[in-house]
Amino acid sequence: MKYSIKTFGCAMNHSDSERLASFLESKGFELAEKIDSADLVIINTCGVRQMAEDRVYGMIHNIRKKEKLEAKSQKLKTIIMTGCIAHRKDVQRRMKGKVDLFTEIKDFTDNFNKLKIANKETKTTSETIDYLSINPKHTNSFQAFIPIMTGCNNFCAYCVVPHARGRETSRAAEEILSEVKNIIAQDCKHITLLGQNVNSYRGTFKGKEINFAKLLKMIDKISGKFWITFTSSHPKDMSDELIETIAKCKKVCESVHLPVQAGNDEVLRRMNRKYTQKHYLGRISKIRSSFKKYKPKLLFSISSDIIVGFPGETKKQFEDSEIVMKKAKFDMVYFGQFSPRPGTAAWQMKNNISKKEKERREKALNEILKKTALANSKKYISTTQEVLLEKEKNGAYFGKTRSQKNVKIVSKKKIAIGNFTKVKITKANIWNLEGEIK
């Protein structure tokens, strides 16, 4: 039997799908070249925005519609929905008759064993499997996602994660270190540690609790040439110890993603973010000073997330987000127009800001970002940067610096993808750099 996995959303969802692929192949499934030839289709969903949710509905509808148009003798596909909206009763009612199994990701292996696929029995086991312990089938040989924890305890007003994934659960350090060593032995060059809030990691090592800073130090000591990045971080848990650890560790990249979400203290309070504008900007200042102290010769980048149009956010309150943008001088910000999500606290709030006003605010912030991003990029001109080459397209190569800046490289000679190379930066654009092989 053949399977196909369609993944929506964040890096964690993609990492989950890699583990599901490995699990399915242990059950005797083979990857289908196209979804049309699959007996089993896994839809790994995202619930962050309505747009992502609508894409899931559309895909499932199209699969079932195509089946009806084809020969009646053809067997129906088995569809499993998992991920961040699979637990919702309204989604289950809407997709009833189209989806064969709704399951949270943590329960996938147990629930799968109770299911027939295309009217055939699958290999079953009575053993309960922690899906995070499954050895993943990585889709990229030189870059890998490694989850260190799952779930979240923060209950931000707009966020579905605590409802979809449950409370925080951290993996044992021994398990994480073993997975890192395994992929580094396979010549992986870049690992990204994942968690809804990696800063609150509380795993164990030899029976004793350790925090994220200690875990980073342990991974940093693993022999081999590789980079370490991580996502996502919560400002309230970005401690001085962690900031100094990030700056001191040689393999940890000079790139920090620290979501602010809003610049106004009252909006942050209603978002249940548990920090103020002053605290956030203080963390940004500490990150900058630490990088300059411990890695003075290396350039670094800081990125963030901001929600525009959170319920009740006045134009005056929005101006505080503009202030944060100007003071923080971000390299990149991922903007999201507020989208009410069922089950969250913000779902009960009046979504009183128009689509037009949300677009205006996002555009205003983006104009500030363009200026700070370009100013930061210009610092790279005439410098030589270590770049991990990720792909080749239309005669050009593309990769990232240690600070996770995108670089376009034109080279007449063939360069191996998935390797580090020295690149002299010749041009700075708003969103990327350009360079030549040193």
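**Cysteines.** I searched the whole structure for disulfides and found zero. The model is a predicted one. A disulfide is a covalent bond between the sulfur atoms of two cysteines. I then looked at how far apart the sulfurs sit. For Cys156, the closest cysteine sulfur belongs to Cys159, at 6.0 Å. I counted a disulfide only for sulfurs within 2.5 Å, so that gap is too far for a bond. Cys156 is buried, at 9% relative accessibility.

**Aromatic pairs.** Next I asked how many aromatic pairs the whole structure holds. The search returned ten. I followed up one of them, Phe23 with Phe108. Their ring centres are 6.2 Å apart and the planes make an angle of 85°, which I logged as edge-to-face. Where do Phe23 and Phe108 lie? Phe23 is in helix α1, residues 11-26, and Phe108 is in helix α4, residues 108-112. I checked burial for both. Phe23 has a relative accessible area of 4% and is buried. Phe108 is buried too, at 1%. I also noted an aromatic cluster made of Phe23, Phe29, Phe108 and Phe112.

**Charges over rings.** I looked for lysines placed over aromatic rings. The charged end of Lys225 sits over the ring of Phe420, 5.0 Å from the ring centre. Lys391 lies over the face of Phe398, with 5.8 Å to the ring centre.

**Helix α6.** I took the span of this helix, residues 173-185. From first C-alpha to last, its 13 residues reach 18 Å, close to the 18 Å expected at 1.5 Å a residue. Which residues of α6 are buried? I listed Ala173, Ile176, Leu177, Glu179, Val180, Ile183 and Ile184. Looking down the axis of α6, I found these buried residues within an arc of 160°, so they line one face of the helix. An α-helix has 3.6 residues a turn, so residues three or four places apart point the same way.

**Strands β9 and β12.** I paired strand β9, residues 190-194, with β12: the sense is parallel, over five bridges. Thr192 has Thr229 of β12 as its bridge partner. Is β12 enclosed or open to the outside? Four of the five residues in β12, residues 227-231, are buried, so the strand is largely enclosed by the rest of the structure.

**Lys251.** I located Lys251 in the loop between α8 (240-248) and β13 (255-257).

I traced β16 (residues 384-393) and β17 (residues 396-401) and found antiparallel pairing over six bridges. Glu392 has Tyr397 of β17 as its bridge partner. β16 and β17 form a hairpin with two residues between them. In that turn, Asn394 has a positive phi of about 55°. β17 also pairs with β18, residues 406-410, in the antiparallel sense over five bridges. Here Gly399 stands opposite Val407 of β18. This second hairpin has four residues between its strands, and Gln404 in the turn shows a positive phi of about 65°.

Conventions:
Residues are numbered from 1 along each chain as its sequence is written. This is a predicted model: local features need pLDDT of at least 70, side-chain atom pairs count only at pLDDT 80 or more; totals for chains, interfaces and linings use all residues. Side-chain values use heavy atoms; hydrogens and water are left out. Rings of Phe, Tyr and Trp (its six-membered ring) pair if their centres lie within 6.5 Å; planes under 30 degrees apart count as stacked, over 60 as edge-to-face and the rest as tilted. Buried means under 20% relative accessible area, exposed over 50%, partly exposed in between (1.4 Å probe, protein chains only). A charge sits over a ring if NZ of Lys or CZ of Arg is within 6 Å of the ring centre and within 35 degrees of the ring normal. Two strands pair if DSSP finds at least two bridges between them. The expected span of a helix is 1.5 Å times one less than its number of residues. The arc is that of the directions from the helix axis to the C-beta atoms.
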